[in-house]
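Subject: Handover of a structural model

Dear colleague,

Please find below the structure that I am passing on to you, followed by an account of what was found in it. I would be grateful if you could read the two side by side.

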Amino acid sequence: MSAFSRGIGRAIRTSLGRFLAIMGIVALGCGFFAGMRMGGPDMRAAADAYYDETALWDLRVVSTQGLGEKDVERLAQADGVSDAVGSTSVDVMARMGAEQVAVRVSTLPAEYEGGSSEPGMNRLVLRDGRWPSGAGECVASADNPALPVEPGDVVEVLREAGDAGALATEELTVVGTVSSSMYPYTVSFGSTTLGSGMIDQYLYVPASTFSEDAPYTEAYLRVVGAEGEESGSAAYEEAVGAVADELEADAPSLAEARLADVRADAQGRLDEARADFEAERASAEAELSDGRSELDGALSQIESGEAQVADGEARLAAARSELEASRAEADSQLSSARDQLDASQAALDAQVAELDARAGDAETARAAYDQGLEVLLASLAEQGVEAADLDGAVAALGAARDELASAREAVVGAISQLEAAQEEAEAAGGELPAEQLGQLEAARAQLAQIDARAQSLESASASASELASARGAVSAYDAGRARRRSLPARPRPGRARRRRR
C-alpha cells in the first residue's frame, strides 16, 4: 500500500463522521439530479399517452363566420389530415348554486349521446353519473375542486357571450361528470370575455341543445403520422406544422367556399320564401275573386230591394185609404173617449194633490240637478269635451267615446303588429330594432292613457245618466203642473155640462 493510500485511510478513520456526511450529501444530490432529469420526460410521456388514449385533436380550425358540414368535409380531404369533426361552443355566464361563473358549453360527441361506441376524436372520461340523452342535459367537469358539481345540479344560463343566441334552452341539468384531455389543467380552463376573464367550468351538451341554425364554431383535425410522435417533440411539431402551413395557404379558397355555401343557403331560403309569397298571393287573388262575386250578389239584392220598395209604396197608398176609413171610426170613438175623460177627472185631481205634496221634493231635485249639471259640464271641460247643456254633454260624451274606441282600435292594431314583429325577430335569433321597441313602448303607454280617459268618460256618462233621470223626474212634475193649469175649470156640482155634438 502506498503512502498516499495510507494517508487517505488515516484521514477517513480520524474523521469518519464527516466522511459519511459528505458521502450522504453526494448520494442525495445524485438522486435529486437523476429524478429531475427523468421527471420531465416521464411527464411528457404520460401526457402523450393520455392524449393518445383520448384521441386528442392535433389542429383546431376556428372561423369567425362559423363552419358548415361542407367546410368540415373540405378540411377532412386536405393533404395530411386523417379525420375532421365539427363542434359548436359558446361561453356563457351561468348560475351554479349560489355563484355566477363563466362556463364554456360545447357539443358532446354524438357517439356518447347514443351510447353505442367511443368517438374517433376528443374522447371524454366519465367519472360519475351517465351520458346525456337529450336536450337540456349535460355533463360537467369533475376536475375543478373549487367548483364541485354533482349529478342532479341545475345550471341556469344567464347570458351568452355577444348575445349569440346559440343555445335553445336556458336551463341545463347535470347528469354526469367527466374529464377531458382538452382541459389538462385544473386551475384554469382557458380565458373568455365574460366575468373574471377565466373559464370556471366547462359543459358538454347534445347537439339538440343548440339552436338548429347554430353553425360550427371550430373544427378539430387529426394529422397523419402525428399519433406516433410524442406530443410537443420536434418531430410532432414538424408533422403538425406542415399540415397547418398548408391549411393556412388554402385559407382564402376555404373562405370563398364558405361564402359560396352561405350564399347558396341564403338563396335557398329566399327561394322558399318567394314560393310562399307566390302561394299567398294566389290565395289572396282567389279571395278577391270571391269578394267580387259577393259584390255582384249584393247588387242583385239591391235591385230586389228596389222592387220591394215599389211594392211598399203601393201598400202605403192602400194603407192611406184604410186610414181614411179608420178616421171616421176614430171620430166615433172620440165621443166615447170624452166620457172617459170626465171619469178620469177625479183621478187627475188626486194626482194634482199628489203633485202639490211633492212640490218641495221637486224643487230640491231641481236644485240638485242644476248643481250636478254644472259639475258635469266643468268636469267635461277639463277633459276637453265642450257642452252647453245635458243633451249636448250626452252627445259629446258619445262622440268622445266613439273617437276613443277608434283610437284604441288603431293603437291595439299597431301593438299587435309590433309584437308580431318582435316574436319573428326573436324566433330568428335577433332582436327588434330599437326604434320599433320604442314605438311598441309608446303605443302601450298611449293605450293606457286611452283606457284611463275611457274610464273617466264612462264615469261622466254614468253621472249624465243620473242627471237625465233627475231631469226626467222634474220634467214629469212640471208637465203634470202644466197639464193641470191648461185644463178647463171643473164644473161645479148641479151645473149643466156642455152638450156633446
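A residue is called buried when its relative accessible area is under 20%, exposed when that area is over 50%, and partly exposed in between, using a 1.4 Å probe and protein chains only. By this criterion, 26% of the 501 residues of the chain count as buried.

This is a predicted model, in which local features need pLDDT of at least 70 and side-chain atom pairs count only at pLDDT 80 or more, while totals for chains, interfaces and linings use all residues. Residues are numbered from 1 along each chain as its sequence is written, and side-chain values use heavy atoms, with hydrogens and water left out.

Overall form

The chain contains nine helices and 10 strands; helices (H or I, at least four residues) and strands (E, at least two) are DSSP runs, numbered from the N terminus. The radius of gyration of the chain is 49 Å, well over the 23 Å of the globule rule for 501 residues, so the chain is more spread out than a compact globule. That radius is taken over C-alpha atoms, and the globule rule is 2.2 Å times the number of residues to the power 0.38. Along the principal axes, the C-alpha atoms fill a box of roughly 190 × 65 × 40 Å.

The chain exposes about 32,100 Å², of which carbon and sulfur atoms supply 53%; accessible areas come from the Shrake-Rupley method with a 1.4 Å probe, and for residues only the protein chains shown count as cover. Among contacts (heavy atoms within 4.5 Å) with a separation of 6 or more, 74% are between residues 24 or more positions apart.

Strand S8 and its partners

Strand S8 (residues 171-180) has eight of its 10 residues buried, so this strand is largely enclosed by the rest of the structure. Two strands are taken to pair if DSSP finds at least two bridges between them. Strand S5 (residues 124-129) runs antiparallel to S8 and is joined to it by five bridges, with Gly129 opposite Gly176. Strand S6 (residues 137-141) also has five bridges to S8, but this pair is parallel; here Ala140 has Thr177 as its bridge partner. Strand S7 (residues 154-160) is antiparallel to S8, with three bridges, and Val154 stands opposite Thr173.

Thr177 belongs to S8 and is buried, at 5% relative accessibility. Leaving aside neighbours within four places in sequence, Thr177 is in contact with Val125, Leu126, Arg127, Asp128, Ala140, Ala142 and Val149.

Nonpolar cores

A nonpolar core is a set of buried Ala, Val, Leu, Ile, Met, Phe, Trp, Tyr and Cys residues joined through side-chain atoms within 4.5 Å. The largest such core has 23 residues, and within it Leu376, Leu380 and Leu390 touch the most other members. Helix H7 (359-382), helix H8 (390-427) and helix H9 are the elements that give two or more residues to this core; H8 gives the most, with nine. Leu380 is in contact with Val385, Ala393, Leu397 and Ala460, once its neighbours within four places in sequence are left aside. A second, separate core of 20 residues includes Val92, Val149, Val157 and Leu203.

Individual helices and residues

Helix H5 (residues 234-249) has 16 residues and reaches 22 Å from its first C-alpha to its last, close to the 22 Å expected, where the expected span is 1.5 Å times one less than the number of residues. In H5, Tyr236, Val240, Val243, Ala244 and Leu247 are buried.

Two residues other than glycine have a positive phi value. For Ala55, phi is near 55 degrees; Ala55 lies in the loop between helix H2 (16-53) and strand S1 (59-67) and is buried at 3% relative accessibility. For Asn122, phi is also near 55 degrees; Asn122 is in the loop between helix H4 (110-114) and S5 and is buried at 9%.

Val187, in the loop between S8 and strand S9 (201-205), is exposed at 79% relative accessibility. The C-alpha atoms of Val187 and Leu316 are separated by 103 Å, at 129 residues apart along the chain. Glu435, in helix H9 (residues 434-486), is likewise exposed, with a relative accessible area of 63%.

Yours sincerely
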